[in-house]
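Take a moment with the model below.

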Amino acid sequence: MSEVRTLKVALLGCGNVGAQVARILIDDAEALAARSGARLELSGIAVRNIDSPRDVELPRELFTTDADTLVKDADLVIELMGGIEPARSLILTAIQNGACVVTGNKALLAQDGPTLYEEADKAGVQLSYEAAVAGAIPILRPIRDSLSGDRITRVLGIVNGTTNFILDQMDSTGAQFADALAEAQRLGYAEADPTADVEGHDAAAKAAILASLSFHTRFSLDDVYCEGITKVSAEDIASAKEAGFVIKLLAIAEKIGSSDNGSGISVRVHPTLLPREHPLAAVRGAFNAVFIEAENAGELMFYGQGAGGTPTASAVLGDLVSAARRLVLGGPGRTETTTGHVPALAIDASNTSYYIGLDVADQAGVLARIAHIFAENGVSIEIMRQTIHRDSASNVESAELKIVTHRASEAALAATVEAVKGLDVINSVTSVLRVEGV
Ligand code: NAP
């Protein structure tokens, strides 16, 4: 019987995710060997400071601060340091030395993924990154492999647990954004500096990755329109709720147009109204989910934990076993295809329904004047609801108008809102939010 091969695994980083990956590699060594066909030997763990406290007790002799030397002597490299440098250079060194690489570094992939993918292709090694989007949820491999015989038309993802927790908290308690953020920070769902999450940057990096795999074209962060949740108010949430919607921060990648009229891909992240019966509306707390529409498969939804050391480690180890199998069997790995060559479209080209909240004077003929402006700009109204408020002190009546439109272009909507603002009967435009799933 031939001897089982041993593959050296270098781990870069031993934080939230890295420590759990190291633990599983050691504790489940036998099962991992049986599944991959090779013994996966953790040859070392590179960190900044060997003496930092760790979540998991690990043999001290595994630790090093010399990541470069560790990488050069590995068959498989797991990068879980985060950030751009030195992660980028170490991954390139690993690839040039013929090692397969597993990473969870969405920031690096969104910024410089194409360089890394090209280098991996040239070297004939596998670069896998399932953990980079939606943590534990197996989503990239299903898009890349399982759906490779289909045509994806649209991807809608709740891919940032922090913002989903905040919006869910606002929806269930009526809290304002700042209070819900403070609660998320107290519970450890949001970082002390929450910018990357609440401004949508983290979701935008994941949107670029999802769009690239779904539409077989490399999209970068520059192709993603990005709007975070900092401007979503308790009033927006309450009036959306009253109209039967929930507000979610969605990462959206969708095909717009047809080959006859110049099609392209709109990749965007923004707060979005979803009907409360839409499957994504049921995604509560810090959970993630990705909803895919494909020509033949129809609608698919993937749901689970989008972050956390142990859940994310599950995705990393799945990639590692797959890369090890490839090294055992030989032959080129299965990488994504980039034969789509579809352009990324600017936000103006996107076509969606809108929710518009208006504070208007309660006068005869107001509704007709507003409806006329919508019609003039080619935006058709699906729902229009009016609620009358009386200010008890001044005894002045005003009306709150909630309008949901049929699909319209961003440009038509912007022109409509500008024209409506100019009417003397409009006190203010209280909300303009995009709607999906209607
Ligand atoms: P983390 O807790 O901050 O850990 C980072 C680790 O990398 C630490 O062990 C640190 O060493 C080490 N490190 C950082 N810079 C280094 C350098 N220049 N040289 C050597 N070692 C260095 O990070 P994490 O939360 O585990 O995340 C790791 C990666 O996974 C990131 O790319 C992140 O985006 C991605 N990810 C994380 C999650 C999650 O739930 N946390 C989910 C999906 C994807 P010291 O310990 O000595 O400081």
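Predicted model: local features only at pLDDT ≥ 70, side-chain atom pairs only at ≥ 80, totals over all residues.

Residues are numbered from 1 along each chain as its sequence is written, and side-chain values use heavy atoms, with hydrogens and water left out.

Start with the domains. The chain is assigned domain 1 (5–134 + 310–329), domain 2 (140–306) and domain 3 (350–435). These bounds come from an automatic or database domain assignment. Between the C-alpha centres of domain 1 and domain 3 there are 53 Å.

Now the ligand. Around it are 22 residues, of which Cys-14, Val-17, Asn-49, Arg-54 and Gly-308 come nearest; a residue counts here if one of its heavy atoms lies within 4 Å of the ligand. A backbone N or O atom of Asn-16 sits 3.0 Å from a ligand oxygen. For Val-17, a backbone N or O atom is 2.9 Å from an oxygen of the ligand. Arg-54 uses its side chain: one of its N or O atoms is 2.6 Å from a ligand oxygen. On its own the ligand has 910 Å² of accessible area, and the protein covers 78% of that. Such areas come from the Shrake-Rupley method with a 1.4 Å probe.

Next, Lys-106. An unreviewed UniProt entry lists Lys-106 under "binding site"; such annotations may be inferred rather than shown by experiment, and positions follow the numbering used here, with feature names shortened. Lys-106 belongs to helix 5 (residues 106–123). Helices (H or I, at least four residues) and strands (E, at least two) are DSSP runs, numbered from the N terminus. Beyond neighbours within four places in sequence, Lys-106 contacts Ala-132, Asp-202, Ala-205, Lys-206 and Ile-209, where contact means heavy atoms within 4.5 Å.

Is Lys-106 buried or partly exposed? Lys-106 is partly exposed because its relative accessible area is 25%. Buried means under 20%, exposed over 50%, and partly exposed in between (1.4 Å probe, protein chains only).

Last, strand 11 (residues 287–294), where Phe-287 is placed. At 32% relative accessible area, Phe-287 is partly exposed. Asn-288 also lies in strand 11, but counts as buried because its relative accessibility is 1%. Leaving out residues up to four places away in sequence, Phe-287 touches Ile-158, Asn-164, Tyr-303, Gly-304 and Gln-305.

Notes:
Polar contact = N/O pair within 3.5 Å; in protein donor to acceptor, adjacent residues only side chain to side chain.
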